[in-house]
Amino acid sequence: TTVEFLTGVEGFADTMLCWRPARGETIPSQYVLRLARAASLGGWVMDPDGQPVAEATVEGSYPTDSLWESQRETQIAEFKAKTDAQGHWASSRVSSELVRSLRLHASHPEYGPSESVDVSSDPDIERQLRGGTFTMRLKAAMWLRGFVVDPEDQPVAGAKVMLGKLYDRGTKHARTSADGSFQ
């Protein structure tokens, strides 16, 4: 058995607490966790023509296996933020020490996803993120239209249609309408 707690509050670094009794760890009756202040991060999401995109999703993650190491407290660097009407997003959920390790990407249903950005690849990216000026550009969307029919060529309503790879974050999903069409 493993007991895990995860904090999540804007302004402080998300932190996971973990006890593993199977490894001989005792779960205390009380525990005080002092949260670390988080770095303020932000930027812009633009369409392929350089125009701001409202309601885009920006995701940040810290690819690590350290969550499974034997540590009581582990800071987590993972967030989702939405852009406002001007295409700007902000997040204060990642500790300053983990910003450099982030991997970011942006998405929106009407566009292709942005390139994945590894913050450690360029010190200027980290500086722009901390200054709220980092810009990600979405790709042009490719529209796919078609019909789903049964063996007698009758439309199939409500069929699930997927474009992309299973479990890939860039995969698009749709359902067929009453006439079997999808877009």
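Predicted model: local features only at pLDDT ≥ 70, side-chain atom pairs only at ≥ 80, totals over all residues.

Trainee: Okay, helix 1 then: how far apart are Arg130 and Glu126?

Mentor: The two side chains meet in a salt bridge, N to O at 3.0 Å; the term means a side-chain nitrogen of Lys or Arg within 4 Å of a carboxyl oxygen of Asp or Glu. Both residues sit in helix 1, four residues apart, so their separation is about one helical turn.

Trainee: Which residues do salt bridges with shared partners join into one network with Glu126?

Mentor: Glu126 also pairs with Arg100, with 3.1 Å between the closest N and O atoms. Arg100 is in the loop between strand 7 and strand 8 (103-107) and Glu126 is in helix 1 (residues 123-131), so this pair ties together parts 26 residues apart in sequence. Through shared partners, Glu126 is in one network with Arg100 and Arg130.

Trainee: Is Glu126 buried or exposed?

Mentor: The cut-offs are under 20% relative accessible area for buried, over 50% for exposed and partly exposed in between (1.4 Å probe, protein chains only). Arg100 is partly exposed at 49%, and Arg130 is partly exposed at 34%. Glu126 has a relative accessible area of 10%, so it counts as buried.

Trainee: And which residue meets Asp124 in a salt bridge?

Mentor: Look within helix 1, three residues along, about one turn from Asp124. The N to O distance is 2.4 Å, and the partner is Arg127.

Trainee: Now the loop between strand 6 (78-82) and strand 7 (88-95), where Thr83 lies. Which residue's backbone oxygen does the side chain of Thr83 reach?

Mentor: Thr83 is buried, at 2% relative accessible area. Its side chain has a polar atom 2.8 Å from the backbone nitrogen of Ala56; a polar contact is a pair of N or O atoms within 3.5 Å, where within protein one must be able to donate a hydrogen and the other to accept it, and residues adjacent in sequence count only if both atoms are side-chain atoms. The backbone oxygen reached, at 2.7 Å, belongs to Val53.

Technical notes. Residues numbered from 1 in each chain as written. Heavy atoms only, no water. Helix = DSSP H or I, 4+ residues; strand = E, 2+ residues; numbered from the N terminus.
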